[in-house]
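Welcome! Take a moment to look over the sequence and turn the model around, and then we can walk through it together.

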Amino acid sequence: MSNILEQINQPNDIKKISPKEYPALAEEIRTFLLEHVSQTGGHLASNLGTVELTIALHAVMDLPDDKIVWDVGHQAYTHKILTGRKDLFGSLRQLDGMSGFPKRHESSCDSFDTGHSSTSISAALGMATARKLSGGSEKIAAVIGDGALTGGMALEALNNVSQLQKNIVIILNDNHMSISENVGGMSNYLNMLRVGERYNDLKEDVEHSLSRIPRVGQRLVKKVKSTKDHIKGLFVDANWFNDLGITYIGPVDGHDMKDMMRIFEKAFKIDHPVLIHVKTVKGKGYQPAEQQPSLYHGVGRFDVSAGIVRQQNQVLTYTDVFSRTIVKMAKADEKIVAITAAMPEGTGLNRFQEEIPDRFFDVGIAEEHAVTFAAGLAMQGYKPFVSIYSSFYQRAYDQILHDVCLQNLPVRLIIDRAGLVGQDGETHQGIFDISFLSAMPNMTILAPKDMRELVAALHFTDSIDGPVAIRFGRGNAYVCEQQQEFSYGKSEWIYQGEKLAVIAVGGIFEETSKAVEQLRRDGLNPSFINARFIKPIDCSLVNELLQTHSSILVVEEAVKQGGYGQSIEALAAERRGQAKISVMAINDMFVEHGPVGELRRRLHMDADSIYQTAKEMMQ
């Protein structure tokens, strides 16, 4: 670590450093980020792109009194360094270590917990309104990416900003990207605004040339500046923001700290909303990340000198299995369409996009719209498959209930990253979908135990005339030797034993299977069942188990409240069953970041914990 960065040990230490040293500090921070993220994994490209932007903000603000709200928050690593947390980077995203997102419990300089997109303007506006009510004077800034600005919540917030007219500085970090390349009308509009660079370049050239004319040069420059709004109108139309009552400034070079600091200082003094359009390069300073920003968005450990090497012939992930299967199905059925919300690579639909582009739709960061858009397609006889991560489906709750289930439309909800996902932490664990989907009438929920069953489940949806959700986890796909034909609402017997019946739900099947096999090696003979259908529950199976077994153990990698296990408990109570029922699930809590294996051990949902619980129940 070099001398400049060593001087940053607590909030506002940057003010002890001369602005002349800021460029060198920026390079030191990039080196620091590469060294640490390559060892721990994390969000790399987005953080490399916002180093200068963050330094400029910290230079003109006083934290924690002033407030920065980071949209999503995966670009806040430099912010963490500048607020005294650089010594924690060795534990980044590790269990009990530093989060990869802003966390209020971690530092008072993190003004708002984030992790999902398009929330920053709403939160910052709430803070600005509270400042007005309490008579405060703190500076408040929202940093939002051009991808996040496509989200409906951000547009709702801009509408309210226009109404309330509070002094709030919105910094639009424009790098042409979210995780994948941006799409849609907002992206096209920002592309048009980027033409404003032509105006900025022309203005500087004209002013420089005129200033060199003897005696009259400076007067001519002053005259040009007085008419600059008319000149700018020839090159950039920011009327949409200006018509909302939001002063638009930009585009600004997001790697020119001197210019940004000057603009930020002035913007915080304006008595109404300001939007500063800052252009940055995602992955700045590390050529592989600049060339492939999507690949370097979220990374595991890698060699900085070699870069990320794509492995050939890797073990298939569940996402890969879904990707290959849906393409085959769509080639055989022209009514199948695929929809995602700004994540074609993450959901595996990039393969569909490449091979069947006319039936692929990326709607941007707009999960609510994605679901109702699918409902419209289903209404007209198409078979839409919507692929979104579990934690992001939470944003479309009402659309699933009101627009899909109420009308009993055959929309197929592909729930990727279901269960524990690991190091992104509380905001990304996919542990709530069972609870909120199970309460919806007309909904069928499938939880395949392995890759073969996932393929079968996707094909089986064609026989279901109504909404279907298929949930599967992150990571390598498991293969179970035993496979049985699908029958609607029926679970799958793996072993028929005695005393104890163990029911595994979806992605936790593999871990549960290890525990059951150990019990069998111990000479015990529990029954083992793959739930397969979360809704409807196999009531005949439950009735049989209540009559033939003394105990039932349900294992599900989801929150217990409203989950499959509680449904089994309720059904058993209705049937007045005598069997003891135990549910191994996640208690009423948010699950922190950390490797999935370590989280399972802490939550007592690993194979050893399942084995111990089952053994005690049998004895």
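## A salt bridge across the chain

Let's begin with a charged pair: Glu 426 and Lys 103 form a salt bridge, with their closest N and O atoms 3.4 Å apart. The term salt bridge is used for a side-chain nitrogen of Lys or Arg within 4 Å of a carboxyl oxygen of Asp or Glu. Glu 426 sits in the loop between E11 and H20, while Lys 103 sits in the loop between H5 and H6, so this pair ties together parts that are 323 residues apart in sequence. Names such as these refer to DSSP runs, numbered from the N terminus: helices (H or I) have at least four residues and strands (E) at least two.

Are the two partners buried or exposed? Glu 426 is partly exposed at 22% relative accessibility, whereas Lys 103 is buried at 4%. Here buried stands for under 20% relative accessible area, exposed for over 50%, and partly exposed for what lies in between (1.4 Å probe, protein chains only).

## About the model

This is a predicted model, in which local features need pLDDT of at least 70 and side-chain atom pairs count only at pLDDT 80 or more, while totals for chains, interfaces and linings use all residues. Residues are numbered from 1 along each chain as its sequence is written, and side-chain values use heavy atoms, leaving out hydrogens and water.

How many salt bridges does the rule give? The count comes to 28. One of them joins Asp 424 to Arg 93, with the closest N and O atoms 2.6 Å apart. Asp 424 is in the loop between strand E11 (412-416) and helix H20 (433-438), and Arg 93 is in the loop between H5 and helix H6 (120-134), so the pair ties together parts 331 residues apart in sequence. Asp 424 is buried at 15% relative accessibility, and Arg 93 is buried at 9%.

Another pair is Glu 355 and Lys 331, whose closest N and O atoms are 2.4 Å apart. It links distant parts of the chain, with Glu 355 in helix H16 and Lys 331 in helix H15 (residues 318-332), 24 residues apart. Glu 355 is partly exposed at 39%, but Lys 331 is exposed at 56%. Salt bridges with shared partners also join Lys 80, Arg 85, Glu 106 and Asp 110 into one network.

## Inside helix H5

Now find helix H5 (residues 77-85), where Thr 83 is located. Eight of the nine residues of H5 are buried, so the helix is largely enclosed by the rest of the structure. Its cover includes helix H2 (22-40) and helix H4 (51-60).

Thr 83 itself is buried, with a relative accessible area of 5%. Its side chain reaches the backbone oxygen of His 79 at 2.8 Å, and a polar contact of 2.9 Å joins it to the side chain of Arg 85. A polar contact is a pair of N or O atoms within 3.5 Å; within protein, one must be able to donate a hydrogen and the other to accept it, and residues adjacent in sequence count only if both atoms are side-chain atoms.

## The largest nonpolar core

Which residues touch the most other members of the largest nonpolar core? Among its 57 residues, they are Val 386, Tyr 393, Ile 400, Leu 437, Met 443 and Tyr 564. Helix H17 (residues 367-379) gives the most to this core, with six residues. Such a core is a set of buried Ala, Val, Leu, Ile, Met, Phe, Trp, Tyr and Cys residues joined through side-chain atoms within 4.5 Å.

Notes
Contact = heavy atoms within 4.5 Å.
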